Amino acid sequence: ATGNINVKSRDNVYVGGLVGQHLGDIINSYATGAISVVPNGAFNYGYVGGLVGASSGDITNCYATGSVCITAGGDNLYAGGLLGYNYSGSKINNSYATGDVTAIIDRYNDNAFVGGLTGKQTTDVLNCYRSSDQLVGLIENNTSASMQINPYGTEKSLAELQSVFFIIFTLEWDTEVWILTEATYPVLRN
């Protein structure tokens, strides 16, 4: 998926560059567009990710490069460069995110989780990375929210993430799945 997404909602939101919410596995997929979510009133839950908003299946061989920004006026917020929220039992494998992730909290917020790879992860993140150049942040505007920036996904420098040697010999990603060119991020073959 390559288009930008702008959402204004007063209901619960599930927004991703590829899919908002899914109940199965996602394999060999990507999204490159920027995502922006703003409330039209308050919503209880906001699940926003560069690729997927909320997932109850495994995500394998995927990436997202667009920025993610959500302004929240509700109770629960999950925002990540690749995935907003991963339900229990779901894994992320051989995937990456490079876009900036920002959450702006406008009022009291019970839970706010933001991360370069995933906002909230309840199970394994295997062989995944995020760029050390990513800006990941929570901005408080007069709130007393419980907020957390999550460290999921190994943080690596631009030079490492664009190194064919690093991708093949450190991450051991499959060259039949990924196109690897020195000084560029890996992209999927199909």
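This is a predicted model: local features need pLDDT of at least 70, side-chain atom pairs count only at pLDDT 80 or more; totals for chains, interfaces and linings use all residues.
In soluble globular proteins, nonpolar side chains tend to be buried together. Here the largest nonpolar core has 15 residues, of which Val37, Val48, Ile70 and Leu77 touch the most other members. At least two residues of this core come from each of the strands β2 (13-16), β5 (35-39), β9 (68-72), β10 (76-80), β14 (101-105) and β15 (111-115). Another core lies apart from it and comprises 13 residues, including Ile26, Leu51, Val52 and Cys128. Leaving aside residues up to four places away in sequence, Val37 touches Val7, Val13, Val15, Val48, Cys69, Ile70 and Thr71.

Turning to the aromatic rings, the whole structure contains 17 aromatic pairs. The rings of Tyr14 and Tyr47 are stacked, because their centres lie 4.8 Å apart and their planes meet at 10°. Since Tyr14 belongs to strand β2 and Tyr47 to strand β6 (residues 45-49), this pair ties together parts that are 33 residues apart in sequence. Tyr14 is partly exposed at 32% relative accessibility, whereas Tyr47, at 8%, is buried. A further stacked pair is that of Tyr96 and Tyr129, with ring centres 4.9 Å apart and planes at 10°; Tyr96 lies in strand β13 (residues 96-97) and Tyr129 in strand β18 (residues 129-131), and both residues are buried.

Tyr14 and Tyr47 also belong to one aromatic cluster with Tyr45, Tyr78, Tyr85, Tyr87 and Phe113, and Lys120 lies over the face of Phe113, 4.5 Å from the ring centre.

As for the cysteines, the structure holds 0 disulfides. Cys62 has the sulfur of Cys128 as its nearest cysteine sulfur, 9.3 Å away, and is buried at 0% relative accessibility, while Cys69 is partly exposed at 27%.

Key. Residues are numbered from 1 along each chain as its sequence is written. Side-chain values use heavy atoms; hydrogens and water are left out. A disulfide is a pair of cysteine sulfur atoms within 2.5 Å. Buried means under 20% relative accessible area, exposed over 50%, partly exposed in between (1.4 Å probe, protein chains only). A nonpolar core is a set of buried Ala, Val, Leu, Ile, Met, Phe, Trp, Tyr and Cys residues joined through side-chain atoms within 4.5 Å. Helices (H or I, at least four residues) and strands (E, at least two) are DSSP runs, numbered from the N terminus. Contact means heavy atoms within 4.5 Å. Rings of Phe, Tyr and Trp (its six-membered ring) pair if their centres lie within 6.5 Å; planes under 30 degrees apart count as stacked, over 60 as edge-to-face and the rest as tilted. A charge sits over a ring if NZ of Lys or CZ of Arg is within 6 Å of the ring centre and within 35 degrees of the ring normal.
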